[in-house]
Amino acid sequence: MLPRAPARTLVRPSPWLAAALLVSCAYIPRSVPLDGRKTLTIDDLYDPEKRVDFSGKPPTNLVWLDDAHYLWPKSDPKTKKSEWLSVEADSGKSEPFAPVAKVEAALAALSEVGAEKAKQAARSDAGAWAGDPKALLFTIGKDLYVYAVASDKAVRVTTSPDQDEEEAALSPDAMHVAFVRDNDLYVAEVATGAERRLTTDGSATVLNGKLDWLYQEEVYGRGTFRSFWWSPDSAHIAFLRLDEEGVPIYTLVDDVASPAKVETSPYPRAGDVNPKAKLGLARVAGGETEWIDLSKYEGGEFLIVEVAWSPAGDLAFQVQDREQTWLDLDLVPASAAEGSPTGATPAPTTLLRETSTAWVNVNGSPKWLADGSFLWFSERTGWKHLDHHDRGGKLLGAVTSGTWEARDLRGIDEKNGWVYFTGTERSAIGADEYRVRLDGSGLERLTKASGSHSARFNPSFTRFIEHWSDATTPTQVRLDRSDGTEVRVIDKNEVPALAEYRLSKPEFLKVRTVDGCFEMEAMLIKPPDFDPSRRYPVFQTTYAGPHAPTVHDAWGGTGGMFLQMLAQKGIVVWACDNRSASGKGAQSEYTCYKRFGETELADIEDGLAWLKKQPWVDPERIGISGWSYGGFMTSYALTHSKSFAMGIAGGSVTDWHNYDTIYTERYMLTPQHNKDGYERTSVVAAAKDLHGELMLIHGELDDNVHPQNTMQLAYALQKAGKSFRLMFYPKSRHGVGEPLVKHLRSAMLDFIEETLLREKG
């Protein structure tokens, strides 16, 4: 998906990666730094044999085992050896985590597994140990295995080595495993391996319990294609059925393979036929599937965008119209989920409907309280905040409020009356951890230092593991009490290499739009030997898509180092978030509605207006670059503005008719309902107006933003007699990785030096 709200999100690279993907250079650098420190090179960043570690190796995979201990799957990148440790949180004392050895032994005892496969499987998912699990599920080869914690035994559940069991999940009572095989939903009894097929119509066009590319990318989020959900009592499975009949097929060709390898997949573009969704309830014990009654939505196309069970066994799900102008939270009570002798399932009750002046974002499922009431993320005020609703959906009151965002709910400590969450109350470019009372009183910021924080709480909310970084400090890990006071430093993560290089400190500032209505967040990285009497070229990195800021007070990794390299070459690096990308609430996001590119470019131009007033900026040498939505924005800027001397557009949407339905229509409506908007925002249609020098980049196997986008723009530019640079990367998808990433960065750097650093004739 082109990114959207942080909870879900063409692949959206991280802001620093997007920044790093497209770069610039300035004046000829000094060959020998005056202070003896090094200057960065492409090899330092991207050569597999020579790259320098600028981020360190902080432990980011710590898992709470109980209130007092966490699991650390510790590995040594040099020796490739790993050890799993149980760590006493407060003292830091550690000992080998004995259960993992038991799992290895139990799996290895099965003749078909063996020691090596057992070791790999047992250490494959540390997160599986969270929450005092009854059993652990493993896929070895193409079959499923379960290890029971109480009996210390492992069993093979499926015996179909030639068939894939996809998206497998244990039932809450650990007695059954559900999985998808050939697009049908199955359950298998752990003790006996007895299988039951719950659906029978799975095919190339009918998916039961498994998402297609569109729903995975744009609705439920990357990381899993699973679309079935166990009930708390392990008796039922709710699942999505997607019917792809009529959805257009897109073809990609791997021309490096011999013979060429052809890939096909359903991919509906804006205005095309969408997959048809149904929500079913299957009984584990057997019987006919019961289909949730959605007849009240008939007569219009709809999307099923979220499904979850309450602890009491109620089935809650969310429905949107095709253009996502409203969202219903519907509920089937636990009693109704049992069905009736006739197989009829009562129509669900709509607890609430969200509407807005534009679109409605999906912000997750209800978070249920013991009394049946629930917390709900809403943007009804124009800002994302937590509300408290009774069990019937009535609004009881706001838990958080203000001109900032509550973003992720960490958990609810009902015993002590606290709600823990992340938010932007202190800073729109950072992230902090907070807690607040259920009635909205007593708001406390738990994290102290400026920058970006992320917390993982223990089960009773007495401690949290905190990961923190800022723009100049790689990630550090600490243990804190629930009130934010520090217990100890887990890993300071000192990175000696940083002191060896000439690095500039990023500067954060705010720039008002020309109309005075909005304060944009911006970042400057000046050359280390910055001389205000000189005039420097500028390289702007952008993404610009809805609710996807580029400016962050957080460690940027290799991407940040790439920007530092540009600054060392004598370029002023600039990032400035237009209002719809800023992350400052839905009220700012809505400004791009039905007119992608227009308001974003206006804000970008306002940022440049401030820059051009600085005596050290050369207004004739300003470049812009971005990937994905940022590639669209770059190519749009070079065809709709004369402000840029150059641009590098990677993985770009060049005409919004070409991108998928759910993402595009959320913001642009269908082409049938916004014909003029699609025409005005088309880069292909504006190819004749290209100003500045443009480099287009695309992965040949990009299944997200299809290569067709760049090919169409290239053809239009050629017909218009415009010169440009074109670089395709075989075997690459929406991002370009190893073994081609060094070539990508080198090609970009060469283009930047040619366009921004060359001598004026």
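Modeller: What follows is a set of questions about a predicted model, each answered by setting a value against a cut-off.

Biologist: Why is the pair of W359 and Y667 called edge-to-face?

Modeller: The ring centres of W359 and Y667 are 4.7 Å apart, and rings pair if their centres lie within 6.5 Å. Their planes stand at 90°, and an angle over 60 degrees counts as edge-to-face, so the pair takes that name. The structure holds 38 aromatic pairs, and this is one of them.

Biologist: What makes the pair of W359 and Y667 a link between distant parts of the chain?

Modeller: W359 sits in the loop between strand 22 and strand 23 (367-368), whereas Y667 belongs to helix 11 (residues 661-668), and the two are 308 residues apart. Both W359 and Y667 are buried.

Biologist: Why is the pair of F530 and W616 edge-to-face?

Modeller: The planes of F530 and W616 are at 85°, which is over the 60 degrees required, and their centres are 5.4 Å apart, which is within 6.5 Å, so the pair is edge-to-face.

Biologist: Which parts does the pair of F530 and W616 tie together?

Modeller: F530 lies in the loop between strand 36 (519-525) and strand 37 (536-541), and W616 lies in the loop between helix 9 (598-612) and strand 39 (617-627), so the pair ties together parts that are 86 residues apart in sequence.

Biologist: Why does A370 count as exposed?

Modeller: A370, in the loop between strand 23 and strand 24, has a relative accessibility of 71%, which is over 50%, so A370 counts as exposed. The C-alpha atoms of A370 and L713 are separated by 56 Å, and these residues are 343 residues apart along the chain.

Biologist: How do you know that the buried residues of helix 4 lie on the same side?

Modeller: The buried residues of helix 4 (residues 115-122) are A118, A121 and A122. They cover an arc of only 95° around the axis, and that places them on the same side of helix 4. E116 and Q120, on the other side of helix 4, are exposed. The buried residues pack against strand 3 (82-88), helix 3 (98-108) and strand 5 (135-140).

Biologist: What makes a cavity a cavity rather than a pocket?

Modeller: In a cavity a 1.4 Å probe fits but cannot get out, whereas a pocket is an open set of points. The largest cavity has a volume of about 90 Å³, and among its 15 lining residues E354, V360, N361, N363 and E379 lie nearest its centre. Strand 24 gives the largest share of that lining, with three residues, and by class the lining has six nonpolar, six polar and three charged residues.

Biologist: Which residues are closest to the centre of the second largest pocket?

Modeller: The second largest pocket has a volume of about 260 Å³, and of the 18 residues that line it the closest to its centre are K276, A277, K278, G300 and F302. Strand 17 gives the most to this lining, with four residues.

Methods:
Residues are numbered from 1 along each chain as its sequence is written. This is a predicted model: local features need pLDDT of at least 70, side-chain atom pairs count only at pLDDT 80 or more; totals for chains, interfaces and linings use all residues. Side-chain values use heavy atoms; hydrogens and water are left out. On a 1 Å grid over the protein atoms alone, a cavity is a set of points where a 1.4 Å probe fits but cannot get out, and a pocket is an open set with protein on both sides within 12 Å along at least five of seven lines; lining residues have an atom within 4 Å of a point. Grid points are joined across faces, edges and corners, and a volume is the space filled by probe spheres set on the points. Ala, Val, Leu, Ile, Met, Phe, Trp, Tyr, Cys and Pro count as nonpolar, Asp, Glu, Lys and Arg as charged, and the others, Gly among them, as polar. Buried means under 20% relative accessible area, exposed over 50%, partly exposed in between (1.4 Å probe, protein chains only). The arc is that of the directions from the helix axis to the C-beta atoms. Contact means heavy atoms within 4.5 Å. Rings of Phe, Tyr and Trp (its six-membered ring) pair if their centres lie within 6.5 Å; planes under 30 degrees apart count as stacked, over 60 as edge-to-face and the rest as tilted.
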